[in-house]
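I opened this file to take notes on ligand surroundings, helix packing and backbone geometry. The entries are in the order in which I looked things up.

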Amino acid sequence: MTILVTGGAGYIGSHTVRALLKAGYEVAVFDNLSSGHAAALPHGVRLFQADLLNPDAVMQALAETQAEAIIHFAARIEVGESMREPLGYYRNNVLGSLNLLQEIQNTGRRIPLVFSSTAAVYGTTDAVPIPEDAPLRPESVYGETKLMTEQMIRAAHAAHGQPYTVLRYFNVCGASPEGDIGEAHASQTHLIELACMTALGKRAKMMVFGDDYPTPDGTCLRDYIHVQDLAGAHVLALKALLDGRHGAATYNVGLGRGFSVREVLDMVDRVVGTRLPREIAERRAGDPPRLVADGTRIREELGFTPQFPELRQMVETAWMWHRTHPNGFEF
Ligand SMILES: NC(=O)c1ccc[n+]([C@@H]2O[C@H](COP(=O)([O-])OP(=O)(O)OC[C@H]3O[C@@H](n4cnc5c(N)ncnc54)[C@H](O)[C@@H]3O)[C@@H](O)[C@H]2O)c1
Ligand SMILES: O=c1ccn([C@@H]2O[C@H](COP(=O)(O)OP(=O)(O)O[C@H]3O[C@H](CO)[C@@H](O)[C@H](O)[C@H]3O)[C@@H](O)[C@H]2O)c(=O)[nH]1
């Protein structure tokens, strides 16, 4: 049984490809390598190096693999960039997803779809923790493209019975415990990745974006989830879809507790064994004070149980990856 993974050469996609292989699925990847890395894929995994904006290429990949299900990660993912280049984000993320949905429909087969959404669809919310039915008010173009894609998927479900699971991830971090794949984004914006770069001497210091938030230590709280656990959540969602259970489901994927920026940086200090220089800076535009998932639904319906729930495990695996691959996949 072949699972087609769009964006499978990216950070979360490549960890999920491994989890799928381990669970006994065959995997093919569809990725234009705009931010992914062929080197992140295990040997033997077929790579369609192509763009979702090319419907013929999507059609061909579906025909050649006869995919039984699709996991759709491919997207541009940077909030700040999405505000500067909105049309590029709508084109890539919304049009790319539309092409995928259209080509699925054109096969005449019901191909279940797991879609990567994000906590960014909620925007600033007073809900703590955030349940899936909280109001959806994205504050960035990136978040809007994810919400629009969710809406297209739900409409395809309503009209043609398209089976789907939407997973809304919170803050993804960490790396493969084997130490050979991890986050390698060209423009780094994520807190733990940046802290590791600082520990490697590639950056002078860490900036803490705001210490006057209404949180216990004044810095923002986020719900961090290990990428390996997130990959496992995709396998659970896929199994449920293929078994015909939960064919129209939306889940938060987070652990339900928040760590502050200070707590994360303190943990990085402990793991790398040195105190990283840090400076309090202005708040970063668009950062909500607190984003914590209500993860009850995925726990109860899919039996999701994290294997790497400790912040220390997340930081240790990230540090092992960055320390051994200071230039990511470019050796
Ligand atoms: N990293 C996070 O913290 C986070 C949080 C919430 C949601 N997400 C979502 O998870 C998914 C994966 O994120 P990631 O961190 O692995 O990002 P990534 O950039 O590492 O992976 C995205 C992959 O998609 C590919 N891609 C992009 N546009 C494409 C197109 N038009 N055609 C074919 N391939 C294309 C890229 O080459 C890359 O391999 C994204 O949809 C993202 O929005 C990520
Ligand atoms: O150098 C830095 C980098 C980040 N932060 C702070 O650290 C927290 C986490 O930031 P970051 O790692 O950039 O993640 P988020 O901005 O929370 O966004 C991530 O998590 C969201 C879900 O919660 C997803 O929607 C996004 O796609 C994903 O990038 C935020 O409060 C930032 O202000 C700093 O203080 N200094």
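The notes below go from the record to the ligands, then to the helix pairs and the backbone.

**Entry 1: model and record**

I am working with a predicted model. I looked up the UniProt record, an unreviewed entry, and it places the feature "domain: NAD-dependent epimerase/dehydratase" at residues 3-254. I then took the secondary structure over residues 3-254 and got 38% helix and 19% strand. The end C-alpha atoms of that stretch are 24 Å apart.

**Entry 2: ligand 1**

Which residues come nearest to ligand 1? I found 28 residues around ligand 1, and Gly7, Gly10, Gly36, Ala74 and Ala75 are the nearest of them. I next sorted the shell by element. At least two residues each come from α1 (11-22), α4 (86-107), β5 (113-118) and β7 (171-173). The largest share is that of α1, with 3 residues. By class, I note 12 nonpolar, 13 polar and 3 charged residues in the shell around ligand 1.

**Entry 3: α1 with α7**

I turned to helix packing, where a pair is described by the angle between the two axes and the distance between them. Helix α7 (residues 227-242) packs with α1 at an angle of about 60°, and the axes are 8 Å apart.

I listed the contact residues on both sides. From α1 they are Tyr11, Ile12, His15, Thr16, Ala19 and Leu20. From α7 they are Val227, Gln228, Leu230, Ala231, Gly232, His234 and Val235. The contact of α1 with α7 has 8 nonpolar and 5 polar residues, and no charged ones.

**Entry 4: α2 with α4**

I also checked α4, another element in the shell around ligand 1. At what angle do helix α2 (residues 55-65) and α4 pack? The angle is about 45°, with the axes 9 Å apart. That angle makes α2 oblique to α4. I recorded a right-handed crossing for α2 and α4.

On the α2 side, the contact is made by Pro55, Val58, Met59 and Leu62. On the α4 side, I have Asn99, Leu100, Gln102, Glu103, Asn106 and Thr107. The classes for the contact of α2 with α4 are 5 nonpolar, 4 polar and 1 charged.

**Entry 5: α8 with α10**

I looked up one further pair, helix α8 (residues 261-272) and helix α10 (residues 311-324). The angle is about 55°, and the axes are 10 Å apart. That makes α8 oblique to α10. The crossing of α8 and α10 is right-handed.

In α8, the residues in contact are Val264, Met267, Val268, Val271 and Val272. They meet Leu311, Arg312, Val315, Glu316 and Trp319 in α10. I count by class 8 nonpolar, no polar and 2 charged residues in the contact of α8 with α10.

**Entry 6: backbone**

Is the peptide bond from valine 128 to proline 129 cis or trans? I found the bond to be cis, with omega near -10°. Proline 129 sits in the loop between β5 and α5 (141-160).

I also noted glutamine 66, where phi is near 50°. This is a positive value in a residue other than glycine. Glutamine 66 is in the loop between α2 and β4 (69-72).

Note on methods: Residues are numbered from 1 along each chain as its sequence is written. Chains are lettered from A and ligands numbered from 1 in the order in which they are written. This is a predicted model: local features need pLDDT of at least 70, side-chain atom pairs count only at pLDDT 80 or more; totals for chains, interfaces and linings use all residues. A residue is near a molecule or strand if its C-beta atom, placed from the backbone, lies within 6 Å of it. Helices (H or I, at least four residues) and strands (E, at least two) are DSSP runs, numbered from the N terminus. Ala, Val, Leu, Ile, Met, Phe, Trp, Tyr, Cys and Pro count as nonpolar, Asp, Glu, Lys and Arg as charged, and the others, Gly among them, as polar. UniProt positions are given in the numbering used here, feature names are shortened, and annotations may be inferred rather than shown by experiment. Axes are lines fitted to C-alpha atoms, for helices over the stretch in contact, and angles run from 0 to 180 degrees between N-to-C directions. Angles under 35 degrees count as roughly parallel, over 145 as roughly antiparallel, 65 to 115 as roughly perpendicular and the rest as oblique. A crossing is left-handed if the near helix is turned anticlockwise from the far one by less than a right angle, and right-handed if clockwise. Two residues are in contact if their C-beta atoms, placed from the backbone, lie within 7 Å.
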